[in-house]
Amino acid sequence: MLPPEDLYKTALSDYTKGDYDLAITGFRNYLKTYPRTSLAPNAQYWLGECYFSQKNYAQAIDEFGVVIREHPDSPKVPSALFKQGEAYTQLGDTKQATTAFCELMSKHGKTREARLARDKNIRCR
């Protein structure tokens with residue numbers, strides 16, 4: 001069995017190479033084997049990115065949702081919210097996209113992702 005860092009790095013490398021199925025397997029194995037490590041939120045986030053890259057937007061939304069719900073203090077939360085908004089946009093669900101972008105801007109207003117969301121000129125209530 002690979003040590004946690006190696007398992008994570010291998011999966012990330014697979015993602016970078018565009019081998020998303022292999023990366024998904026790697027990140028899932030990581031999360032199953034090492035659910036409590038400091039890299040778990042990142043592994044969960046990259047799982048969402050894998051599905052996003054495969055244009056499996058519904059699954060990406062679910063995976064990003066896990067980051068937001070289960071790792072609320074992770075620095076990956078703003079990115080997860082932004083990518084969730086992007087995935088909803090791809091699915092044509094502007095209402096849900098707006099909800100994600102507005103949550104991002106209200107809770108993480110100082111982040112780069114919030115600036116990107118603001119550039120979309122979304123109206124938040």
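This is a predicted model: local features need pLDDT of at least 70, side-chain atom pairs count only at pLDDT 80 or more; totals for chains, interfaces and linings use all residues.
A residue is called buried here when its relative accessible area is under 20%.

**Helix H6**

By that cut-off, the buried residues of H6 are Ala97, Ala100, Phe101, Cys102, Leu104 and Met105. The cover over these buried residues includes H5 and helix H7 (112-118). H6 itself spans residues 94-107, which makes 14 residues. From its first C-alpha to its last, H6 reaches 20 Å, close to the 20 Å expected at 1.5 Å a residue.

**Two helix pairs**

Two packed helices are described by the angle between their axes and the distance between the axes. The table gives these values for two pairs.

| Helix pair | Angle between axes | Distance between axes |
|---|---|---|
| H2 (residues 20-33) and H3 (residues 40-53) | roughly 155° | within 9 Å |
| H4 (residues 57-70) and H5 | about 160° | 9 Å |

An angle over 145 degrees counts as roughly antiparallel. H2 and H3 are therefore roughly antiparallel to each other, and their crossing is left-handed. On the H2 side the contact is made by Tyr20, Ala23, Ile24, Phe27, Arg28, Tyr30 and Leu31. H3 contributes Ala40, Ala43, Gln44, Trp46, Leu47, Cys50, Tyr51 and Ser53. Sorted by class, this contact of H2 with H3 has 12 nonpolar, two polar and one charged residues.

H4 passes H5 in a left-handed crossing. The H4 residues in this contact are Tyr57, Ile61, Phe64, Gly65, Val67 and Ile68. They meet Val77, Ala80, Leu81, Lys83, Gln84, Ala87, Tyr88 and Gln90 in H5. The residues of the contact of H4 with H5 divide into 10 nonpolar, three polar and one charged.

**Lysine 83**

Lysine 83 belongs to helix H5 (residues 77-90) and is among the H5 residues that meet H4. Is lysine 83 buried or exposed? Its relative accessible area is 17%, and the cut-off for buried is under 20%, so lysine 83 counts as buried. Leaving aside neighbours within four places in sequence, lysine 83 is in contact with Tyr45, Glu49, Phe52 and Phe64. Of these partners, Phe64 is also listed among the H4 residues that meet H5.

Methods:
Residues are numbered from 1 along each chain as its sequence is written. Side-chain values use heavy atoms; hydrogens and water are left out. Axes are lines fitted to C-alpha atoms, for helices over the stretch in contact, and angles run from 0 to 180 degrees between N-to-C directions. Helices (H or I, at least four residues) and strands (E, at least two) are DSSP runs, numbered from the N terminus. Angles under 35 degrees count as roughly parallel, over 145 as roughly antiparallel, 65 to 115 as roughly perpendicular and the rest as oblique. A crossing is left-handed if the near helix is turned anticlockwise from the far one by less than a right angle, and right-handed if clockwise. Contact means heavy atoms within 4.5 Å. Ala, Val, Leu, Ile, Met, Phe, Trp, Tyr, Cys and Pro count as nonpolar, Asp, Glu, Lys and Arg as charged, and the others, Gly among them, as polar. Buried means under 20% relative accessible area, exposed over 50%, partly exposed in between (1.4 Å probe, protein chains only). The expected span of a helix is 1.5 Å times one less than its number of residues.
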